[in-house]
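Please consult the sequence and the structure shown below.

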Amino acid sequence: MFRKLLFGLTVFAFAGVGAAFAQQSGIKRTPLQKVDFPAGYNTVTAIAEVPAGGASGRHSHPGVETGYVLDGELELVIDGKPPLKLKAGDSYQIPEGAVHDAKTSGDKPMKVLGVYIVKAGEPLAKPAP
């Protein structure tokens, strides 16, 4: 009896953690390399992935972002600019500090190769309201 109760509580706990993690951010970043250049900045290359029907969530970077869409389609929404429709093979640029969101289009996840040139000592991304 005790084992069944413990098993049930364990399953419930893992389900809750998974749901909380999914709500925190719709984006998965896989860092590929980091270079301390130029002076006072870090250049980070990463793969960013958002599942089908998902969004990265509104956020900003303490530096510029440029990227190349590897797979899927997305709508890139940068505050103060019209939305951009992007697909595999397209590239984009996001100015320093610009609040933005990337939302997948269609039934495929999207994957981009991002290059972030961010101020040293700052987090790669910051959530935005």
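Lys85 and Glu75 form a salt bridge (a side-chain nitrogen of Lys or Arg within 4 Å of a carboxyl oxygen of Asp or Glu), with 3.5 Å between the closest N and O atoms. This pair links distant parts of the chain, since Lys85 belongs to strand β6 and Glu75 to strand β5, 10 residues apart. Strands (E, at least two residues) are DSSP runs, numbered from the N terminus. The model is predicted: local features require pLDDT of at least 70 and side-chain atom pairs count only at pLDDT 80 or more, whereas totals for chains, interfaces and linings use all residues. Residues are numbered from 1 along each chain as its sequence is written, and side-chain values use heavy atoms, with hydrogens and water left out.

**Salt bridges**
- The structure contains 7 salt bridges.
- Asp79 and Arg58 are joined through their side chains by a salt bridge of 2.9 Å, N to O.
- Asp79 sits in the loop between β5 (73-78) and β6 (84-87) and Arg58 in the loop between β2 (41-50) and β3 (59-60), so this pair ties together parts 21 residues apart in sequence.
- A salt bridge also connects the side chains of Lys126 and Glu122, at 2.9 Å from N to O.

**Accessibility**
- Lys126 has 34% relative accessibility and counts as partly exposed.
- Glu122 is partly exposed, at 34% relative accessibility.

Key. Helices (H or I, at least four residues) and strands (E, at least two) are DSSP runs, numbered from the N terminus. Buried means under 20% relative accessible area, exposed over 50%, partly exposed in between (1.4 Å probe, protein chains only).
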